[in-house]
Amino acid sequence: MDTNILAQLKDVSILCVEDEDGIREFVVNTLKYYFKEVYEATNGVEAYEIYEEYKPKIILSDIQMQNMDGIELVKKIRENDANTFIIMLTAYSNEEYLIDLINLNINHYILKPLNLKKLDDALLKYIDKKILKQLILHEDLKLDLFKRELIYKSNEVIFLRKREKDFLQLLHENKNSITTYEQIDSELWHDKDMTTHALKSFIKELRGKMPINIIKNVPQAGYILLKNEN
């Protein structure tokens with residue numbers, strides 16, 4: 001895999017869900033080559049608790065497990081989350097079964113056994129969907145997720161810090177609804193405490209970088225993206 005793509009994946013977190021210890025250890029050790037943050041769980045219940053706390057960007061899960069299988073895990077996540085990229089490991093290849101997986105809004109499936117080629121294909125699909133593209137925040141303002149830059153009127157470039165890029169991406173993902181304070185706290189601050197002062201300072205600094213203001217505060221709720229054209 002290209003070194004530039006590998007570098008970009010280092011900013012992404014992933015959760016591996018597998019009940020067989022030997023397989024899970026092998027997969028987790030492999031994933032650590034790609035990702036800085038790799039979480040692991042032995043069943044769906046444990047996986048959902050980790051998902052709730054850390055909000056990994058990718059979930060790689062087996063299907064057949066005790067204490068909530070992979071299907072139930074996906075159903076629970078998809079109740080309120082359509083954005084997390086989910087890869088399922090399955091030993092079944094019949095068409096009807098795979099269609100059922102797609103209907104659960106699973107982004108990719110891998111037929112066992114897992115190998116590096118299959119894993120690379122899945123990660124490249126994630127990159128194509130989530131990273132290597134520009135998001136249109138406004139008719140004059142685009143967000144380059146790969147370079148972590150804002151492009152204003154196709155010629156002015158504004159460099160962003162990771163948290164700034166993640167915030168704008170989160171606003172775009174929630175473009176038809178309010179991005180709540182709880183979502184911002186969970187997605188951007190992770191294990192740190194997000195104080196009101198810290199958030200206000202962050203927003204003020206980000207607005208100061210931007211040539212036009214596209215961030216609107218919704219009192220007592222969160223933020224929305226203004227004039228989103230895509």
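Which helix gives the most to the lining of the largest pocket? It's helix 7, with six residues. Before going further, keep in mind that this is a predicted model, where local features need pLDDT of at least 70 and side-chain atom pairs count only at pLDDT 80 or more, while totals for chains, interfaces and linings use all residues. Residues are numbered from 1 along each chain as its sequence is written, and side-chain values use heavy atoms, with hydrogens and water left out.

Back to that pocket. About 610 Å³ of space lies in it, the volume being the space filled by probe spheres set on grid points joined across faces, edges and corners. A pocket here is an open set of points on a 1 Å grid over the protein atoms alone, where a 1.4 Å probe fits and protein lies on both sides within 12 Å along at least five of seven lines; lining residues have an atom within 4 Å of a point. The largest pocket has 32 of them, and Lys57, Asn83, Thr84, Glu173 and Glu187 lie nearest its centre. At least two lining residues come from each of helix 3 (44-54), helix 4 (70-78), helix 6 (116-130), helix 7 and helix 8 (181-189); helices (H or I, at least four residues) and strands (E, at least two) are DSSP runs numbered from the N terminus. Sorted by class, the lining has 12 nonpolar, eight polar and 12 charged residues, where Ala, Val, Leu, Ile, Met, Phe, Trp, Tyr, Cys and Pro count as nonpolar, Asp, Glu, Lys and Arg as charged, and the others, Gly among them, as polar.

Helix 7 turns up again in the second largest pocket, giving the most to its lining with three residues. This pocket has a volume of about 350 Å³. Its lining is made of 16 residues, with Asp11, Glu37, Lys162, Asp166 and His190 nearest the centre. Strand 2 (37-41), helix 7 and helix 8 are the elements that give two or more residues. By class, that's three nonpolar, two polar and 11 charged.

Now follow helix 7 (residues 162-173) to helix 9 (residues 196-209): their axes come within 11 Å and cross at roughly 85°. Axes are lines fitted to C-alpha atoms over the stretch in contact, with angles from 0 to 180 degrees between N-to-C directions. So helix 7 is roughly perpendicular to helix 9, a label for angles of 65 to 115 degrees. Arg163, Glu164, Phe167 and Leu168 of helix 7 meet Phe202, Ile203, Glu205, Leu206 and Lys209 of helix 9, contact meaning heavy atoms within 4.5 Å.

Most residues other than glycine have a negative phi, and most peptide bonds are trans. Asparagine 67, though not a glycine, has a positive phi of about 55°, and sits in the loop between strand 3 (58-62) and helix 4. The peptide bond from lysine 112 to proline 113 is cis, with omega near 0°; proline 113 is in the loop between strand 5 (108-111) and helix 6.

Notes:
Angles under 35 degrees count as roughly parallel, over 145 as roughly antiparallel, 65 to 115 as roughly perpendicular and the rest as oblique.
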